[in-house]
Amino acid sequence: MKRHIFLPLLTYPDATSETMIANAVALAHHMQATLTVCAVEITIPDVSNALSSLIIDTGKMARDAEALSRKRASVLTQRAVDQAKGALVDVRTREIRVEEPFVVEALAEASRAYDLVVLESAGLSRPVVEAVLFGSGRPLMLFPPAPFGGRMDHVAIAWDGSRAAARAAHDAAAFLERASRVCLISVIDEKPIKYETGEYLIENLMKSGVMAEAVQVQARGELVGEVLQSKAFEARADLLVMGGFGHSRLREFVLGGATQAVLTSITLPVLLSH
């Protein structure tokens, strides 16, 4: 069955980069998937009053912001369509018009119809990343702010034997099927690891014709999220698969001892599944 990738095109306050569009097109080409690009046009409610109007024209500022958002939406959508057609990728377009405070909720809901959501790891898109991961029910792939070729021949799975890790591995099935090599990376000095399930997963992958191996690493006091990324990068993995676990009202991203560093600084594409 053909898979469907969803790329939100953010327009305000910052816009989705050209690099992210190119990465999404390359990924869709690699997976032979349909790419849906969704431009997010924002509206800003009028909160002006007589006093504020004397100091600053808030109404004009809102109108200018909305006009900028509309212009960016048009430009980004056309750029994505042109690049997709040039790469022979089946592309579809959508648009969402929503009040600025409700963008994150709207995108989480819109993402639920697709197999995979792709976003770039950037500070200002952090609320969107959190909303999509925790609110969409779909796996999310984050890209670093750099060009990526699209191929996912070597996949690394952050493995601690937990439900979150198993869920992530399952949601990465489309990439595991195409991979020539898979490695399960376990941080062994951070918490107890159930090795048996990992061994069975490797056995199943091997029986499916995929070369798979287990890799163990020690954190030695470093952030687990950074250790996992470093090991995956060192192993020349094209993709790191991780379980995204949310807890508390702050919605932190956790895999064992991993911290929010996974989101703030990534060195390779990371697939997060909650």
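A nonpolar core is defined here as a set of buried Ala, Val, Leu, Ile, Met, Phe, Trp, Tyr and Cys residues joined through side-chain atoms within 4.5 Å, where buried means under 20% relative accessible area (1.4 Å probe, protein chains only). The model is predicted: local features need pLDDT of at least 70, side-chain atom pairs count only at pLDDT 80 or more, and totals for chains, interfaces and linings use all residues. Residues are numbered from 1 along each chain as its sequence is written, and side-chain values use heavy atoms, with hydrogens and water left out.

The largest nonpolar core has 45 residues, of which Leu 27, Val 118, Met 141, Phe 175 and Val 182 touch the most other members. Helix α1 supplies the largest share of this core, seven residues. Beyond its neighbours within four places in sequence, Phe 175 is in contact (heavy atoms within 4.5 Å) with residues including Leu 27, Met 141, Leu 239 and Leu 271. A second, separate core of 40 residues includes Cys 38 and Tyr 114.

Helices (H or I, at least four residues) and strands (E, at least two) are DSSP runs, numbered from the N terminus; two strands pair if DSSP finds at least two bridges between them. An open sheet of ten strands, with mixed pairing, has the order β3-β2-β1-β4-β5-β12-β9-β6-β7-β8. Because β3 (91-99) and β8 (211-217) each have a single partner strand, one side of each is left without a neighbour in the sheet. Strands β9 (residues 239-243) and β12 (residues 270-273) pair in the parallel sense over four bridges, and Val 241 has Leu 271 of β12 as its bridge partner.

Technical notes:
Buried < 20%, exposed > 50% of the residue type's maximum accessible area, 1.4 Å probe, protein only.
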